[in-house]
Amino acid sequence: MKPQQPISFEFFPTKTAEGAEKLALVRDKLSVLNPLYFSVTYGAGGSTQEGTINTVKSIMEAGYSAAPHLSCIGSTRDSIKEILQLFISLGIDRIVALRGDLPSGHRDVGEFRYANELVEFIRAETGDHFHIEAAAYPEVHPQAKNAQLDLENFIRKMDAGADSAITQYFFNIDSYLYFIDSCKKAGLDKPIVPGIMPITNYSRLAGFSDMCGAEIPRWLAKRLAGYGDDIDSIKALGLEVISTLCEKLLAEGAPGLHFYTLNQSKTTLDICHNLGIRNH
Ligand code: FAD
């Protein structure tokens, strides 16, 4: 892997002091790979705001770069303005800007309807302070009316001032390559970094993939399901498949890799080891 192709790692915020300690160990193990940043997810409707901020703070206090995710659905302009100011005061200069999804039972969408409005607002309020990452969906966002409109919406969001994007995870490389190609044809040439989901547990992966619209190819689903409770075999096949996917992505010119670590280090480290990524 060339040094200019950065890697980044995603965490979700922990809820307990014990969880925070464990995550610090995971972070330190992953830090040997010299990631560009660690990102920390943000619960729908701001539900994990405190946890996200505390996790980001602890990453930064340990001397690493951190990027909080920020979702806008259900928020007011004032509340987003306040949190942006807090981010600036903490020395944060990178954000993953999202619409998010309203938690079930909530009806008030708030003052932002889509992520392009959040990106535009961040730029209007804070100028060039933040490097803004947005979300991309090579297999089409599950709520999109159709693929073409989803692409147009994505381009609108990038044109509103996002610097780069991270994709939803996918297992079919063609979906990513076609998406990149369509963006280029539409005149968009900003980095779109593939999001990588390590495979460690089939039933959890299947449930989550259903929800977020990521397709597990039939051959892979059948093989993983066939292993039943044999976790070691699931992990071994998962490692092989994801390492190969990453290798091909980099060979095709992907501008980096963003790992959905699920707050675990082992599988991500193993994938990076297979790719020959060390401390660069
Ligand atoms: P948008 O870009 O606003 O798109 C949402 C839908 O609306 C799409 O179908 C799009 O086609 C459509 N759309 C967009 N703009 C318009 C417009 N102007 N007019 C009409 N239709 C439009 N969720 C969390 O809650 N917390 C997280 O931390 C989090 N992190 C994520 C990180 C990554 C890298 C990714 C890929 C997803 C993440 N998500 C997270 C999930 C994300 O919040 C959901 O997928 C959400 O449904 C969409 O967010 P978005 O920012 O992509 O929305």
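User: Which residues of helix α8 (residues 218–226) are buried?

Analyst: Happy to start there, with a reminder that this is a predicted model. The buried residues of α8 are L220, A221 and L224.

User: What makes you say that the buried residues of α8 line one face of the helix?

Analyst: Looking down the axis of α8, the buried residues fall within an arc of 100°, so they line one face. The face turned away from that buried side carries R218, K222 and G226, which are exposed. As for what covers the buried residues of α8, the cover includes α7 (202–212) and α9. Just after α8, G228 takes a positive phi of about 55°.

User: Why is E133 called buried?

Analyst: Buried means under 20% relative accessible area. E133 has a relative accessibility of 3%, so E133 counts as buried. This residue lies in strand β5 (residues 131–136).

User: How do you know which side chains make polar contacts with E133?

Analyst: The test is a pair of N or O atoms within 3.5 Å, where one must be able to donate a hydrogen and the other to accept it. The side chains of E133 and R94 are joined at 2.6 Å, and those of E133 and Y37 at 3.4 Å. Both count as polar contacts. Beyond four places in sequence, the residues in contact with E133 also include I95, V96, A97 and S164.

User: Which residues touch the most other members of the largest nonpolar core?

Analyst: Those are F154 and I192, in a core of 81 residues. Helix α9 (residues 231–251) supplies the largest share of this core, eight residues. Setting aside neighbours within four places in sequence, F154 is in contact with A135, A136, A165, F179, C183, L188 and I192.

User: Now the ligand, please. Which residues are closest to the ligand?

Analyst: Y42, R99, D101, Y137 and D150 are the closest of the 24 residues that surround the ligand.

Key. Residues are numbered from 1 along each chain as its sequence is written. This is a predicted model: local features need pLDDT of at least 70, side-chain atom pairs count only at pLDDT 80 or more; totals for chains, interfaces and linings use all residues. Side-chain values use heavy atoms; hydrogens and water are left out. A nonpolar core is a set of buried Ala, Val, Leu, Ile, Met, Phe, Trp, Tyr and Cys residues joined through side-chain atoms within 4.5 Å. Buried means under 20% relative accessible area, exposed over 50%, partly exposed in between (1.4 Å probe, protein chains only). Helices (H or I, at least four residues) and strands (E, at least two) are DSSP runs, numbered from the N terminus. Contact means heavy atoms within 4.5 Å. A residue is near a molecule or strand if one of its heavy atoms lies within 4 Å of it. The arc is that of the directions from the helix axis to the C-beta atoms.
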